[in-house]
Amino acid sequence: MALYSEKVMEHFRNPQNVGSIEDADGIGEVGNAACGDIMRVYLKIEDDIISDVKFETFGCGSAIASSSMATQMIKGKPLCEAEQLTNQAVAEALDGLPAHKLHCSVLAQEAVRAAVKDYYGKRGQKDGKIQV
Amino acid sequence: MIYADHAATTKMSRTAMDAMRLCMEETWGNPSSLHDVGQKAALALWSARERIAACIGACPEEIYFTSGGTEADNWAILSAAHEGAKKGKRHIVSTAFEHHAVLNCLQKLEKQGFEVELLDVHESGTVSWRQVAGAIRADTCLVTVMYANNEIGSILPVERIGAVCREKKVVFHTDAVQAAGYLPIAVGAQNIDMLSLSGHKFHGPKGIGVLYAGKGIVPEPLLAGGAQERGRRAGTENVPAAMGMAAALEEVCASMEVNRKKLVSLRDRLIAGLSAIPHAALNGERSNRLPGNVSFCFEGVEGESLLLLLDGRGICASSGSACTSGSLKPSHVLLAIGRSPEVAHGSLRLTLDAENTQEEVAEICRAVSESVERLRAMSPLWKDKVSGKKPFVL
């Protein structure tokens, strides 16, 4: 389908980091079923580094591809980088998304940030830099 | 490749293509020209008109060629509304799950001061003649109810509704775009005043449709220009497309009964196969539906991703999910039959044709089942339902 770039289709067909982490250090969930997309991101953190990340997504092709790309972009990276992940960066890495699908990349950004926030919350830390 | 999206469009039949090519080679003139070349085209156009009229039990003078189903719907509705307004009648009765060509046209009229009443179509996806009778008022100028729904394939009792409209002297229009070629049409016996057809839904060409308007109903011109279509629709007629549409319609009408039997068997096998998937439900009733229509909702998955997976396996289908429409809301048809937005997002429409085979149906069942399973395995919504955190709906 020409609606999506080859990159989107690649990540949709073979999504990376699908699944959950039993003893996750941070979990973020955004979206709702009535709107047609839910993303859940699981983080495993070691020394402020994202040592593992998994996602589960209910949503359209670009929602699944955005989740896959976003998790790939933050895996092995310091937490502070994950906090800075933007939806534009996700969309660009996917070689662009159709205008009416950009909200999928926004959801991916929000899911990652929610998971980081959850991690800090669990650790009892407050971090003013987080904007969710 | 398995094409199971015949409600979207159909491949042109060889007969239609041959009719068009012949017309382009031999009767390519302008039907308005007085010379021989033009008059040959005029004769060809008239023959297309006669043949289409014969297929729906109309007279050729009652057939107006349009650019497609959308124009025919708009034309019928606007004409009847404006005619009604002249007599102070500004009330229109329709249903909640009409095609957008009807609904958006009605919305436009609402802004102009018309009152539109959309009847509830219930879980079954149909309205009764009693509902229509109950909605008609002294100032009702039009009842427009589709013959068969484009998404869930439910068939509406147009003959009875038409009878009610006749009795109450209200103009009755039906959008028969999805029904043509699959269900019999007899405008007289079915009490239909106006009816819309689209050529490409029954193996004819795209870009052509027909508005049938019975004698006594004069459609108001939408376009200003020449005197084509008896002064009602300006613009040089698309003669090759009219010839292609006539040939295609004749062909499907001639084989309607044979095709229906074959299609019902394919459809029912597909419904049985997909019903085996847990937490899945058929949209609309099992038997009161177009012979080739199968529409399902699968809980915990989103329709667009399901379509993409099927497309990857060479299966062409359609969905009423918001993501396939470019809007944020799922199909108004599925919401109208009482599906929740969550469930409506997980819809799949498969529309078969006589060219489909039992082997293809078996392959579709396998592919849908595996794709739904694959998407559910990564769906947090499905996971929450399985673990009991959220309830199952289907």
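1. Domain 1 of chain B and domain 2 of chain B bury about 2,100 Å² between them, and 57% of that area lies on carbon and sulfur atoms. The size of an interface is often given as the accessible area lost when the parts come together. The model is predicted, and the values in this note are to be read as computed from it.

2. Which three residues supply more than any other three of the area that domain 1 of chain B buries against domain 2 of chain B? They are B:E151, B:I152 and B:Y182, with 36% of that area.

3. The domain assignment of chain B places residues 14-254 in domain 1 and residues 256-386 in domain 2. The C-alpha centres of these two domains of chain B are 29 Å apart. To the contact, domain 1 of chain B gives 29 residues and domain 2 of chain B gives 22 residues.

4. How many salt bridges are counted between domain 1 of chain B and domain 2 of chain B? The count is zero. For residue pairs in polar contact between domain 1 of chain B and domain 2 of chain B, with both residues at pLDDT 80 or more, the count is 12.

5. Helices also take part in this contact. On the side of domain 1 of chain B that touches domain 2 of chain B, α4 and α8 of chain B each supply at least two residues. The largest share of that side, three residues, comes from α8(B).

6. Chain B has an open sheet of seven strands with mixed pairing, in the order β2-β8-β7-β6-β5-β3-β4. Its edge strands are β2 (63-66) and β4 (115-119) of chain B, each of which pairs on one side only. On average, and with direction ignored, neighbouring strands of this sheet are turned by 20° against each other.

7. Strands of a sheet pair through backbone hydrogen bonds, either parallel or antiparallel. Strands β6 (residues 171-175) and β7 (residues 194-198) of chain B run parallel and are joined by three bridges. In β7(B), B:L195 is the bridge partner of B:T174.

8. The helices named in point 5 can also be placed against the sheet. Helix α4 (residues 100-111) of chain B packs on the sheet and touches β3 (91-95), β4, β5 (140-144) and β6 of chain B. The direction of α4 makes about 155° with that of β3(B). Helix α8 (residues 239-254) of chain B lies across β2, β7 and β8 (209-213) of chain B, and runs at about 100° to β7(B).

Notes:
Residues numbered from 1 in each chain as written. Chains lettered and ligands numbered in written order. Predicted model: local features only at pLDDT ≥ 70, side-chain atom pairs only at ≥ 80, totals over all residues. Heavy atoms only, no water. Pairing = 2+ DSSP bridges. Helix = DSSP H or I, 4+ residues; strand = E, 2+ residues; numbered from the N terminus. Axes fitted to C-alpha atoms, helices over the stretch in contact; angles between N-to-C directions. Contact = heavy atoms within 4.5 Å. Domains from an automatic or database assignment. Buried area = accessible area lost by both parts, 1.4 Å probe. Salt bridge = Lys/Arg side-chain N within 4 Å of Asp/Glu carboxyl O. Polar contact = N/O pair within 3.5 Å; in protein donor to acceptor, adjacent residues only side chain to side chain.
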